[in-house]
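Visitor: I have a structure to look at and some questions about it. Can we go through it together?
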Amino acid sequence: MPIHEKNLIRPENLSTHENLVIDGVDVSGDWSTFIKPRVVTDYNEGLQDEIAALPGGEYIHRCWQCGSCTNSCTVNALDPDFNPRHWIYLIRMGFEDELVRDKDLIWQCVSCNKCTYACPRDVVPEGVMKATAHWLELKGYTEKSPSTIFDEEFSSQVFRTGKIEDGRVMMGFFRKTGQSLLQPWLVEFVKKMLTGLPLGWMMKMGWATVFHPRTKGWARARAAIEEYAHEKELEHLAAVRGGHPEARFDPAK
Amino acid sequence: MDKKQAYKKVAYYPGCALEGSGHGYNKSTKAVGKKLGLELEEVKNWNCCGAMEVKNIDPKIQTYLSARVMNIAANEMGHDVVMAPCNGCYHNLKKAEYDLAHDESSREVTDRLSSKAGHGTYEAGQIETIHALDWIKDGIGEDELRRRVKGGLKGLKVANYYGCMYTRPRHIFPEKDQGPGSESTSKPHFMDDLLAAAGAENVDFALKTACCGGAHTLSDKDTSTKLVVNILKAAEEAGAEVIATECPTCHAGLEMHQVRAEKEFGIKTNVKMMYFTQLLGVALGLSPRKVGIPENASDGRAALRARAIA
């Protein structure tokens, strides 16, 4: 299936003429639209290395631009501007400014791994999307995305206790993103969840929000994980030139 | 050892979701195992596998989390097989197994974290990770299931939905795509096989391995709702009364966004979601209550009654 990527040519790079004569030949009509020539001088030579230094981005250098990732992409089917192949191209060419224009889209990768399944070069495009979203935050181009806020809420619960309790993750996420727990669809869903529950289970669930489920003797594992996570965060920050320390993940927060 | 023998008694890793929103899956998995004479011994003092989130902080922490679970099952409890019904847990254990076998730095991080946490480490090859589908498909098989089914599913029309994590990426599932008898990563069929043996009629459903948006079910709600509506509508158009699931994240995502699609966008769908173990349980003569069907947000008891099942 061909990929229609006309959307990649931005309007400001097109030049259209009503009446055009080139070398004495009248080309008015169908042949009147051109892509403007351009010279790029402000590329970031280190862009690929910065992405490759973040988890998931390691194999970006293998890409040969076949487009299997975009062709198989779940999110691309909903939004043609979500284009992993194009972003990998921009990163490899060092076109930082152009990449940053899509800063509010890249985090939307749903990690379905269809791209990784289809990729003939083991680029792991899913990982590259995650690394790029992480990079945008470390560079200060974007605020933390809802996805990152969720990942951090979830992970800090795992680091603290060894387990998660899904209601607690949800409440923590809603609190951090300033959303109401009383959205009508959510209230309706929770009602449907609760109607069939046996009393014993409801008591157990209520119990779990007071006495959080935890793995016994987890304190040493927690210390080991948090120490390692801290080291990695500093490494990532050092690999990204001009990174913002406040964009780091702090499990204590 | 032959699989029928090996899967008779396995270590059981339910994971966090099955103790929370996916309790119907937990209940029905245990009930079906008991009914079929398959024994489960829960992994002692297990921890979360990291689901789809911890890897975005650092993938090697996720490898360690899975390795700790496999170490307990293999080295502390002496099991050869660990069974995880949740696609997320199953996927992460498989991924850790692959990374520990192929990547030196994954081994180093796992060894370092294990030793600092004060427990033994896990080495690739010490245990086999299987899904609840493998457990019943290879531990019991369709022929025996067909013999044991009481009443059965009476031609109930089912769309089998496998989601993402059960088959992708291919390289972490070396036992799949190995010809007859093995699972396929492009057209999985283990759930279809089991439910057909239990008397269901599987509809032709193209979105078996489509994504429900589970990783962003709350953080990107509109995308997830669109993806879920695609799945629900495709199942209904194929004539399904029930979507059979085998992942608690998919299951909760389908239920949650079915409600949201109706409340927020006025898109109504009627298809019901049930865990495949709930359907097998009913086919084996267990009551819907016994396998937790009333506890699903999408309560499928009416669909079963309409066909005089259970």
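Guide: In this model, chain A and chain B bury about 5,500 Å² between them, and carbon and sulfur atoms give 66% of that. Buried area is the accessible area (1.4 Å probe) that two parts lose on being put together, summed over both.

Visitor: Which residues of chain A lose the most area to chain B?
Guide: They are A:Tyr117, A:Trp185 and A:Tyr228, which together make up 16% of what that side buries.

Visitor: Where does the model come from, and how is it labelled?
Guide: This is a predicted model, where local features need pLDDT of at least 70, side-chain atom pairs count only at pLDDT 80 or more, and totals for chains, interfaces and linings use all residues. Residues are numbered from 1 along each chain as its sequence is written, chains are lettered from A and ligands numbered from 1 in the order in which they are written, and side-chain values use heavy atoms, with hydrogens and water left out.

Visitor: OK. How many residues of chain A are in contact with chain B?
Guide: 59 residues of chain A touch 66 residues of chain B, where contact means heavy atoms within 4.5 Å.

Visitor: And how many salt bridges are there between chain A and chain B?
Guide: The count is five. A salt bridge here is a side-chain nitrogen of Lys or Arg within 4 Å of a carboxyl oxygen of Asp or Glu. B:Arg112 forms one with A:Glu227, with the closest N and O atoms 3.2 Å apart.

Visitor: Which element gives the most to the side of chain A that touches chain B?
Guide: H12(A) does, with eleven residues. Helices (H or I, at least four residues) and strands (E, at least two) are DSSP runs, numbered from the N terminus.

Visitor: Changing topic: what is the strand order in the open sheet of chain B?
Guide: The four strands run E6-E5-E7-E8, with parallel pairing. Two strands pair if DSSP finds at least two bridges between them. E6 (201-202) and E8 are the edge strands, each pairing on one side only.

Visitor: How many bridges join E7 to E8 in chain B?
Guide: Four, between residues 242-245 and residues 272-275. B:Ile243 has B:Met273 as its bridge partner, and B:Ala244 stands opposite B:Met274.
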